[in-house]
Amino acid sequence: MQVPQRLKRAIDVAGASLRSRVRAEEQRASPDEMRLTALIAEDLVTYEGDLLAPGLWAVVAHRLGRRAERTRPGVARVALGGAHTALARGVDLVWGIKIPRPVALGRRVRLWHNGCMLLDANSIGNDVHIRHDTTFGAARGRATTRDELPTIEDGVELGSGVCVLGAVCVGQNAVVGANSVVLRDVPAGVTVMGVPARVIPT
Amino acid sequence: MTIRPLPRRHPLPSGSENQNPAGMGLIDLLREDFRTHDHDALSGGFWALAVHRFGNWRMGIKSAVLRPPLTALYRVGYQLVIAAYGIDIPYNARLGRRIRFEHHGCIFVGVWSMGDDVVFRHSATIGLARRGASEAPTIGSRVEIGPGACIVGGIRVGNDTHIGANTVLADNLADGASVLGNPAQLVKTQQAVGNEAS
């Protein structure tokens with residue numbers, strides 16, 4: 001039977017809209033909701049397929065650790081946890097990148113260049129770019145709860161040598177200049193720079 | 001899964017030829033770098049430069065049989081230097097002679113070209129002003145770079161300049177000037193004060 005042309009077009013349009021909705025859903029999915037393989041494949045794309053990029057290994061190790069925490073006790077959990085410990089320790093030793101396990105790390109996060117990073121944040125959003133020598137942590141001493149640590153929202157761009165300390169929030173798509181020390185909240189979309197960091201007109 | 005457009009590569013020279021300082025062979029260059037680093041066979045700076053010089057030297061070898069193994073060797077050396085010492089110098093950055101790394105760790109040298117007798121310290125970064133930018137800095141000779149300094153953007157840093165610790169420099173710097181701070185401020189040097197007085 002010949003499908004009328006108009007009906008066919010309607011089916012095509014409906015299919016395309018459904019697919020794009022699924023894709024948008026996928027794009028919004030948090031890393032914990034995604035399949036581990038898809039997540040790591042996406043990281044590989046983020047790092048342009050550079051298997052020797054230090055940041056790639058740090059991120060992959062962290063993904064394994066996060067997944068281990070969400071896996072039911074058993075062989076898989078022990079294997080994931082062990083792989084995380086071995087990889088994360090190795091990355092810390094070789095390149096000096098440390099992302100503690102409780103950090104909620106977003107998707108497509110890129111750590112540029114080599115090493116010297118301690119990224120102890122409450123959460124790090126999607127599409128964040130972090131450069132070497134960056135420190136996230138508590139303002140004084142050790143944090144007793146995760147709320148005392150910084151929150152980095154989606155799309156934030158950090159220069160090299162940045163320190164973000166204390167319970168501060170760096171807003172969406174903000175740019176933090178090199179060697180800045182951020183001790184107060186940064187509004188979304190602005191550029192900050194200096195010690196302590198101040199908003200600069202762009 | 002979505003695939004976003006890839007960010008652009010560093011806008012450095014293409015690296016299709018040997019950019020080592022002219023008039024010197026590889027061995028002579030390495031000997032000089034070794035001397036610059038006080039004959040210290042374990043200094044990170046010497047190994048980073050050795051790998052960099054080797055990476056350039058191999059681009060002068062045009063044979064399709066000899067080049068690939070040399071390239072493989074270069075890549076292994078490059079990764080080892082990053083892992084062991086944290087010094088990342090892409091081979092296509094054009095470097096001068098007698099460059100010295102006082103200390104290693106967190107060093108990235110994404111420079112268009114650099115003169116002779118430049119001194120680096122740890123955590124010094126030279127690179128783009130922001131992701132996707134198209135220009136890297138040009139650095140003169142006899143430049144002192146303090147620990148944690150950042151030199152970014154398509155700027156020109158003059159000869160005989162000093163860049164203080166943790167300084168962020170994003171503007172051109174005249175010959176003989178000194179800067180300090182974030183953002184960088186000019187500092188009066190003994191020489192500049194002397195010139196004003198006379």
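P196(A) sits in the loop between β14 (191–193) and β15 (198–200) of chain A. In this predicted model, the peptide bond from V195(A) to P196(A) is cis, with omega near -15°. Chain B also holds a cis bond, from N182(B) to P183(B), with omega near 0°. P183(B) is placed in the loop between β13 (178–180) and β14 (185–187) of chain B.

**Backbone and the disulfide**

C106(B) is not a glycine, yet its phi is positive, at about 60°. C106(B) belongs to the loop between β2 and β3 of chain B, and its sulfur atom lies 2.2 Å from that of C116(A), with which it forms a disulfide. Because C116(A) lies in the loop between β3 (110–111) and β4 (117–119) of chain A, while C106(B) lies in the loop between β2 (100–101) and β3 (107–109) of chain B, the pair joins two chains. Over all chains, the structure holds one disulfide.

**The contact between chains A and B**

On chain A, 31 residues are in contact with 29 residues of chain B. The two chains, A and B, bury about 2500 Å² between them, and 57% of that is on carbon and sulfur atoms. E48(A), N114(A) and N179(A) supply 22% of the area that chain A buries against chain B, more than any other three residues.

Polar contact between chain A and chain B involves nine residue pairs, both residues being at pLDDT 80 or more. Three helices of chain A, α1 (5–28), α2 (36–46) and α4 (75–95), each supply at least two residues of the side that touches chain B. Of the elements of chain A, α2(A) gives the most to that side, with four residues. By residue type, the side of chain A that touches chain B divides into 12 nonpolar, 10 polar and nine charged.

**Salt bridges**

The count over all chains is 18 salt bridges, and the count between chain A and chain B is one. The table gives two examples.

| Residue | Partner | N to O distance |
|---|---|---|
| E157(A) | R131(B) | 2.7 Å |
| R107(A) | E42(A) | 2.8 Å |

**Sheets of chain A**

One open sheet of chain A has four strands in the order β2-β5-β8-β11, with parallel pairing. The edges are taken by β2 (104–105) and β11 (169–170), each with a single partner strand, so one side of each has no neighbour in the sheet. Two bridges link β2(A) in the parallel sense to strand β5 (residues 123–124) of chain A. In this pairing, A104(A) stands opposite S123(A) in β5(A).

Another open sheet of chain A has five strands, ordered β1-β4-β7-β10-β13, and its pairing is parallel. Here β1 (97–98) and β13 (181–182) stand at the edges; each has a single partner strand, so one side of each is left without a neighbour in the sheet. β1(A) and β4(A) run parallel and are joined by two bridges. I97(A) stands opposite M117(A) in β4(A).

Methods: Residues numbered from 1 in each chain as written. Chains lettered and ligands numbered in written order. Predicted model: local features only at pLDDT ≥ 70, side-chain atom pairs only at ≥ 80, totals over all residues. Heavy atoms only, no water. Contact = heavy atoms within 4.5 Å. Buried area = accessible area lost by both parts, 1.4 Å probe. Salt bridge = Lys/Arg side-chain N within 4 Å of Asp/Glu carboxyl O. Polar contact = N/O pair within 3.5 Å; in protein donor to acceptor, adjacent residues only side chain to side chain. Nonpolar A, V, L, I, M, F, W, Y, C, P; charged D, E, K, R; others polar. Pairing = 2+ DSSP bridges. Disulfide = S-S within 2.5 Å.
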